[in-house]
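Please walk through this fold from its overall dimensions to its sheet, its helices and a few individual residues.

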Amino acid sequence: MTKVLSVGGSIIAPDSVDVELLASFSKMVCRWLDENKDARLVFVAGGGAPARVYQNAYKAVASKFDDTQKKMLSFANEDETNYACDWIGITATRLNAQILKTVFGSLCQQPVITDPTKLCDFTGRIIVAAGWKPGFSTDTDAVYLAEQFKADTIVNLSNIEKVYTDDPRKNPDAKPIDSITWTEFRKMVGDEWVPGKNCPFDPIASKKAQEMGLKVICAAGKNIDNIEAILNGTDYIGTTIYGN
């Protein structure tokens, strides 16, 4: 039994590394693995706030380029900016992944995975992965890893408890969603990926997850008891995305 958890960077390091959260998360995971001897876990670390800080800093610097700089630096258009921002975000995910791997010590015996399409042996109880290449977020990496290790569910942990019909910070009439089909969810998130885009599950990942028939559970990453309930298949708080 293999379960994939996409752990948002805003959970691992919202500003600085959340030491208390990682300690509580590690304690729960160790207990759960001890109780489920045949289980394995795949963690995919996001970039979160650190990625956005550096992406925004790069954009701010680039906005000050004069024509001479743009010519010398081959800085021409939005596509190049997005490409650069993607690599900044990927680098942030790899730092977050490395501390996540370190926290789990001998349970995670392999180096951090940076290419989810490259087949690898699963020799320990935990594997940790990070960003791969520009064009999508670590949500897509999680889908590829679910495919490789034959997991049927991805638990997407972020700083939101449920998916809403709209951004509740901007729309007071936004409603939380308990369950939603992939077709309806993809209408909400669209089809295009933009580096740093803040959405419950990225559009590229959503398309592939729907094609594979995966179930994705979006839940709060700081609610440790709730994460354990999801792993145990008992009642939980979150949004389930499934079907067609």
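Helices here are DSSP runs of H or I with at least four residues, and strands are runs of E with at least two, numbered from the N terminus. The model is predicted. In the protein chain there are nine helices and nine strands. Its radius of gyration is 18 Å, close to the 18 Å that the globule rule gives for 244 residues, so the chain is as compact as a globular protein of that length. Along the principal axes, the C-alpha atoms fill a box of roughly 60 × 45 × 35 Å. Of the 244 residues, 49% count as buried. Among contacts with a separation of 6 or more, 69% are between residues 24 or more positions apart.

The sheet comes next. Seven strands form an open sheet with mixed pairing, in the order β3-β2-β1-β4-β8-β9-β7. The edges are held by β3 and β7 (179–181), each with a single partner strand, so one side of each has no neighbour in the sheet. On average, neighbouring strands of this sheet are turned by 20 degrees against each other, direction ignored.

One end of that order can be followed in detail. Strand β1 (residues 2–7) pairs with β2 in the parallel sense over six bridges. Strand β2 (residues 40–45) in turn pairs with β3, also in the parallel sense, over four bridges. Val42 of β2 is the bridge partner of Val4, and Val42 also stands opposite Ile127 in β3. In strand β3 (residues 126–129), Ile126 and Val128 point one way, while Ile127 and Ala129 point the other way. All four of these residues are buried.

Helices pack on this sheet. Helix α2 lies across β1, β2 and β3, running at about 155 degrees to β2. Helix α7 (residues 182–189) also packs on the sheet, where it touches β7, β8 (215–220) and β9 (239–242). The direction of α7 makes about 90 degrees with that of β7.

How far apart are the end C-alpha atoms of helix α2? They are 25 Å apart, which agrees with the 24 Å that the 17 residues of α2 (residues 19–35) should span at 1.5 Å a residue. The buried residues of α2 are Leu21, Leu22, Phe25, Ser26, Met28, Val29, Trp32 and Leu33. The spacing of such positions can be read against helix geometry. An α-helix has 3.6 residues a turn, so residues three or four places apart point the same way.

Helix α9 (224–232) is mostly covered, with seven of its nine residues buried. These are Ile224, Asn226, Ile227, Glu228, Ala229, Ile230 and Leu231. They pack against strands β1, β2, β4 (153–158) and β8, and against helix α2. Gly233 follows α9 and has a positive phi, near 75 degrees.

A positive phi also occurs at Lys150, near 60 degrees, in a residue other than glycine. Most residues other than glycine have a negative phi. Lys150 is found in the loop between α6 (138–148) and β4. Is Lys150 buried or exposed? At 75% relative accessibility, Lys150 counts as exposed, because the cut-off for exposed is over 50%.

The charged side chains remain. Side chains of opposite charge can pair when their charged atoms come close. The count of salt bridges comes to eight. One of them joins Lys222 and Asp18, with the closest N and O atoms 3.6 Å apart. This pair links distant parts of the chain, as the two residues are 204 residues apart. Lys222 is in the loop between β8 and α9, and Asp18 is in the loop between α1 (9–12) and α2. Lys222 counts as partly exposed at 48% relative accessibility, whereas Asp18 is buried, with a relative accessible area of 19%.

Another salt bridge is formed by the side chains of Asp34 and Lys37, at 2.8 Å from N to O. Lys37 is exposed, with a relative accessible area of 60%. The side chains of Asp167 and Arg169 also meet in a salt bridge, at 3.1 Å from N to O. Asp167 counts as buried at 19% relative accessibility, whereas Arg169 is exposed, with a relative accessible area of 69%.

Terms used. Residues are numbered from 1 along each chain as its sequence is written. This is a predicted model: local features need pLDDT of at least 70, side-chain atom pairs count only at pLDDT 80 or more; totals for chains, interfaces and linings use all residues. Side-chain values use heavy atoms; hydrogens and water are left out. Buried means under 20% relative accessible area, exposed over 50%, partly exposed in between (1.4 Å probe, protein chains only). Two strands pair if DSSP finds at least two bridges between them. The expected span of a helix is 1.5 Å times one less than its number of residues. Axes are lines fitted to C-alpha atoms, for helices over the stretch in contact, and angles run from 0 to 180 degrees between N-to-C directions. Contact means heavy atoms within 4.5 Å. A salt bridge is a side-chain nitrogen of Lys or Arg within 4 Å of a carboxyl oxygen of Asp or Glu. The radius of gyration is taken over C-alpha atoms; the globule rule is 2.2 Å times the number of residues to the power 0.38.
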